[in-house]
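Reader: Could you walk me through how the helices in this model are described, and on what grounds?
Author: Gladly; here it is.

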Amino acid sequence: MDGTGMNDAVLQLDPLRRLVLAYAKKPDRERYALVFALDARFADVIRSTSETLIGQMRLTWWRDILTKAVTERPTGEPLVALINQAEQKGADLSLLLHLLEGWEYLLEDFPWDDRQFDQYAEKRGGGLFSFASGGSSPLSMKQRKAAQAWALWDFARYCSDEKMREQAFNKCIQLYSSDDPVSFDRSGRPLSIFCKLTQSDVKKGSLTADLYRPAVASKIIWHGVTGC
């Protein structure tokens, strides 16, 4: 991933993810930037789509990108170029397909049943965490649960439907309440930051109203530096 492409990916991120990205190890930073930027792009598709069919078409375009050979992919889209470079370095694009499949659930009508919540969390959370961690070895059971809990927490933070928001957060709480704290090695520090933010809200039983506060930034910086 060249410097320009890396910068383009980072610029697509919200301030929170830019801060989290700063604590990725240098060899891992390009991979994190790509999956964070792609996750943000899928979120933009969902937010900007008023017609389900249009949203499906836009996500199908990305599915084609992830399944076509490099020579068949279009040029001119910076994220496509980054995907090409990641694949050339041995990245497993099937994990990005899982991420995409998680977002595709957001095109389905509300309310959801337990299966839809579970599949969304498994696909989006598992896809993002697995790709970000390099995909060289499967996530542990605790890490998989943490990934799913994070996806539900993030869903709850941005969902406009009050009942769906409550259901998602309750399922997030259930995933954490029966498990010990999850841990990652140093290369997974950005993921453990996500987990810390999620666990903080789980412990207090409510969603932090504003993540863009000095107190939250201090918590991220402390964990990013110390792992504590």
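Reader: What makes helix 3 roughly parallel to helix 6?
Author: Helix 3 (residues 29-47) and helix 6 (residues 94-104) pack at about 25°, their axes 10 Å apart. Angles under 35 degrees count as roughly parallel, over 145 as roughly antiparallel, 65 to 115 as roughly perpendicular and the rest as oblique, so helix 3 is roughly parallel to helix 6. The model is predicted: local features need pLDDT of at least 70 and side-chain atom pairs pLDDT 80 or more, while totals for chains, interfaces and linings use all residues. Residues are numbered from 1 along each chain as its sequence is written, and side-chain values use heavy atoms, leaving out hydrogens and water.

Reader: Which residues make that contact?
Author: With contact meaning heavy atoms within 4.5 Å, helix 3 brings Val35, Leu38, Asp39, Phe42, Ala43 and Ile46, and helix 6 brings Leu96, Leu99, Leu100 and Trp103. These divide into nine nonpolar, no polar and one charged.

Reader: And why is helix 9 called roughly perpendicular to helix 10?
Author: The axes of helix 9 (residues 162-177) and helix 10 (residues 189-204) cross at roughly 105° and come within 10 Å. That angle makes helix 9 roughly perpendicular to helix 10. Here Phe169, Cys172, Ile173 and Tyr176 of helix 9 meet Cys195, Thr198, Gln199, Asp201 and Val202 of helix 10.

Reader: How do you know that helix 7 has close to its expected length?
Author: Helix 7 (residues 114-132) has 19 residues and reaches 26 Å from first C-alpha to last, close to the 27 Å expected at 1.5 Å a residue. The expected span is 1.5 Å times one less than the number of residues.

Reader: What follows helix 7?
Author: Gly134 does, with a positive phi near 105°.

How values were computed:
Axes fitted to C-alpha atoms, helices over the stretch in contact; angles between N-to-C directions. Helix = DSSP H or I, 4+ residues; strand = E, 2+ residues; numbered from the N terminus. Nonpolar A, V, L, I, M, F, W, Y, C, P; charged D, E, K, R; others polar.
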